[in-house]
Amino acid sequence: MRCDRVWINARLATLAPDREGLGIVEDGVVASLDGRIAYAGPATDAPAFEAPEAIDVEERWITPGLIDPHTHLVFAGDRAHEFELRLAGASYEEIARAGGGIVSTMRATRAASEQELVQVALPRLDALIAEGVTTVEIKSGYGLSLDDEIKSLRAARTLADIRRVGVSTTFLGAHALPPEYRDDKDGYIALVCEKMIPAIAARGLADAVDGFCEGIGFSPDQIRRVFEAAKAHGLPVKLHAEQLSNLNGAALAAEFGALSADHLEHLDTAGIAAMAASGTVATLLPGAYYFTRETKVPPIATLREAGVPMALATDCNPGTSPLTSPLLVMNMAATLFRMTVDECLAGVTREAARALGLLHDRGTLEADKACDLAIWDIERPAELVYRMGFNPLHARVWRGQ
């Protein structure tokens, strides 16, 4: 078999669905051709390779490159002062209603140029890359005007041009109410649906459309309008749902065949059943749970029993999850949510790819998928979940290089 590169003497966690658990192969080989996996499996079953380069990984573990399926990576400013307010007893909702929260970041983001947004986002992206991330989702939602949302999405696309990483962009215009629409939520939603979505779709700047369905965000009826506009322009949807209360957003997302419903601390059994029926992924965000000192845990056991796929993400954002470590996310998911090692590793690979609609292309070590790999200095996969503040990444491979 002709190929560009072969990694030999490896232990693989393939995450392939036709293998049990993590899809472990003890004596494994991965071969790439033109940036895609030509073979991934046991050395005993491998064909003879014709490759200019063979890399002996010396029994290290290879997993799919990690995927972060929910971030707000492009923003200006920070909200450390709000963190202090919360430490003094203020709630997230109180801060938001007093003019802080998302609107605070909106002001800084509007004031920044596109190039400035790229430059301030790069260190956050580099932190993810340093822990083996090869694909990242980036949401807009801090511009809240057509020009500023376009600017944010263009900045996100630019990050993929200057770093070896896949970027999936999401338009999150229905994130918060900008000051100019303070008393007119429906008017702002009309702007999102009638002006923003058509313009952004025409420019090809978004891979999906998201919204914040919450008392301090937007109602289910308003989100329905956003989803209908997205559908009319051929864009898949996802939703921030059931984070602070249960507005049945997850069921609404499932009704539209959403890629994912995210947060889900207050998700009920009806929402779980709807997600299971539609194939909507539950993207869980333990960093936000931890940072906001939430006490209601997402219904992990019920999601598991219903067969709802569970992805994990950093939710990197300035207000509720200033986190850029997928490794710590896995540890938090295990310790705070009681997810298993297998669920955590699948959550940042296979199920994260599913949550972005990209499972056909990445997220597992299987032939014909993108050759995005993370090579680890570990003795067993559990170490990736067990450690805190330690990065055992040996090498990161993106598109076979």
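Let me begin with a term: a residue counts as buried when its relative accessible area is under 20%, as exposed when that value is over 50%, and as partly exposed in between. What you see above is a predicted model, and I will start with two residues in it to which that term applies.

Glu58, which is not a glycine either, has a positive phi of about 55°, and its place is the loop between strand S4 (54–56) and strand S5. With a relative accessible area of 54%, Glu58 is exposed.

Strand S5, residues 61–64, runs antiparallel to strand S14, and four bridges join the two, with Ile62 standing opposite Ile375 of S14. S14 also pairs with S15, residues 393–397, again in the antiparallel sense and over four bridges, and here Ala374 stands opposite Arg396 of S15. In a regular strand, side chains alternate between the two faces of the sheet. Which residues of S14 are buried on one side, and which on the other? Leu373 and Ile375 lie on one side, Ala374 and Trp376 on the other, and all of them are buried, so that both faces of this strand, residues 373–376, are covered.

Next, the cores. In soluble globular proteins, nonpolar side chains tend to be buried together. The largest nonpolar core here has 96 residues, and those that touch the most other members are Phe171, Leu264, Leu284, Leu312, Met330 and Met339. If we take Leu312 and leave aside its neighbours within four places in sequence, its contacts include Ile67, Pro69, Leu284, Val329, Met330, Met339 and Val348. There is also a second, separate core, of 14 residues, with Ala10, Val25, Ile37 and Val57 among them.

Now to the empty space. Rolling a probe the size of a water molecule over the atoms shows where such space is left. The largest pocket holds about 430 Å³ of space. Its lining is made up of 19 residues, and nearest its centre lie Ala96, Arg97, Val103, Leu177 and Ile216. Helix H2 (92–97) and helix H3 (102–111) each supply at least two residues of that lining, which divides by class into 10 nonpolar, five polar and four charged residues.

The second largest pocket contains about 320 Å³, and of the 18 residues that line it, Arg86, Tyr92, Phe291, Thr292 and Arg293 lie nearest its centre. Helix H1 (80–87), H2 and helix H10 (286–291) are the elements that give two or more residues to this lining, and H10, with four residues, gives the most. Nine of the lining residues are nonpolar, four are polar and five are charged.

Conventions. Residues are numbered from 1 along each chain as its sequence is written. This is a predicted model: local features need pLDDT of at least 70, side-chain atom pairs count only at pLDDT 80 or more; totals for chains, interfaces and linings use all residues. Side-chain values use heavy atoms; hydrogens and water are left out. On a 1 Å grid over the protein atoms alone, a cavity is a set of points where a 1.4 Å probe fits but cannot get out, and a pocket is an open set with protein on both sides within 12 Å along at least five of seven lines; lining residues have an atom within 4 Å of a point. Grid points are joined across faces, edges and corners, and a volume is the space filled by probe spheres set on the points. Ala, Val, Leu, Ile, Met, Phe, Trp, Tyr, Cys and Pro count as nonpolar, Asp, Glu, Lys and Arg as charged, and the others, Gly among them, as polar. A nonpolar core is a set of buried Ala, Val, Leu, Ile, Met, Phe, Trp, Tyr and Cys residues joined through side-chain atoms within 4.5 Å. Buried means under 20% relative accessible area, exposed over 50%, partly exposed in between (1.4 Å probe, protein chains only). Contact means heavy atoms within 4.5 Å. Two strands pair if DSSP finds at least two bridges between them.
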